[in-house]
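User: I'm new to this one and would like to get my bearings. Can we go through it one question at a time?

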Amino acid sequence: MDFTSRRRVRSRRSAPRGVSLIEAMIAAVVLLIGLMGVFQGLLLASRQNANANQATRASGIASQVRGALDTLGGNRVVGVPGYKGLLTGADCNPGAEVAALTGGLEKLQPGSGEAWAVRCIFDLDAYERAAGAHRLLPGYSEADFGRFRRVLVMIDKPDEATGVPIHQVIIVVSWMEVTERRYVRQYVSFYDSGPFANEINVEI
């Protein structure tokens, strides 16, 4: 074997080995798994951000309703003799579907010796659909109508110290989060502190 032949043999032996098809496929699978993890993380972060935005908006809606009830005043919310309040009458007896939107409040029962009762469950969305220009929240958008459900629950109870009747209104705003319903609740209480029932106060 001459010098030229030996150099050719040495060159063939020292040439770099190529990547096989199996190795390329394994690398592609590993890369795909990594990318799937990244995409799942981005999807989860996006979903959590959307849920947080929903909760923030629901809390804002509940605050607006609470402020509107405060402005409306106790007489027009709970009613007085000779005047039908918002949370009185046939509208306080919704079907089971609306009652379920209270997030369990419809099942509350007073314990032994407790003197309170759920007096009204009120479908605020249905009322505002029918009320037109006389809505509690005139600027409530169609997008929010489609995204959230608003229900009012009124509980009557006496003040433990004075026996004065207290009408506690619970504003429940709910929305669907994937397959589960979420709730935000805020409270406003109307009570009479005057000896002749001539004053309505609001407690938030």
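User: Which residue does a disulfide join to C92?

Analyst: Keep in mind that this is a predicted model. The S to S distance in the pair is 1.9 Å, and a disulfide needs the two cysteine sulfur atoms within 2.5 Å. So the pair passes that cut-off, and the partner of C92 is C120.

User: Is the disulfide link of C92 and C120 left-handed or right-handed?

Analyst: Both C92 and C120 are buried. The angle about their S-S bond is -85°. That makes the link left-handed.

User: Moving on to charges, which residue meets D125 in a salt bridge at 2.7 Å?

Analyst: D125 has salt bridges with R149 at 2.8 Å, N to O, and with R150 at 2.7 Å, N to O. R150 is in strand β2 and D125 in helix α5, 25 residues apart. Both residues of this pair are buried. The partner at 2.7 Å is R150.

User: Is R149 buried, partly exposed or exposed?

Analyst: Buried means under 20% relative accessible area, and exposed means over 50%. D125, at 5%, is therefore buried. R149 has 22%, which falls in between, so R149 is partly exposed.

User: Which residues are linked in a network of salt bridges?

Analyst: The structure holds 10 salt bridges. One of them pairs R182 with E180, with the closest N and O atoms 3.5 Å apart. As for the network, its members are D123, D125, E128, R149 and R150.

User: How do R182 and E180 count in terms of accessibility?

Analyst: R182 has a relative accessibility of 33%, and E180 has 42%. Since both values lie between the 20% and 50% cut-offs, each residue counts as partly exposed.

User: What accessible area do I22, I26 and V30 have together?

Analyst: These three form a nonpolar patch on the surface. V30 is found in helix α2 (residues 21–72), and V30 is exposed because its relative accessible area of 54% is over 50%. Taken together, I22, I26 and V30 have an accessible area of about 310 Å².

How values were computed: Residues are numbered from 1 along each chain as its sequence is written. This is a predicted model: local features need pLDDT of at least 70, side-chain atom pairs count only at pLDDT 80 or more; totals for chains, interfaces and linings use all residues. Side-chain values use heavy atoms; hydrogens and water are left out. Patches are made of residues with over 30% relative accessible area and no salt bridge: like charges are joined within 9 Å, nonpolar side chains (Val, Leu, Ile, Met, Phe, Trp, Tyr) within 5 Å. Accessible areas come from the Shrake-Rupley method with a 1.4 Å probe; for residues, only the protein chains shown count as cover. A salt bridge is a side-chain nitrogen of Lys or Arg within 4 Å of a carboxyl oxygen of Asp or Glu. Helices (H or I, at least four residues) and strands (E, at least two) are DSSP runs, numbered from the N terminus. Buried means under 20% relative accessible area, exposed over 50%, partly exposed in between (1.4 Å probe, protein chains only).
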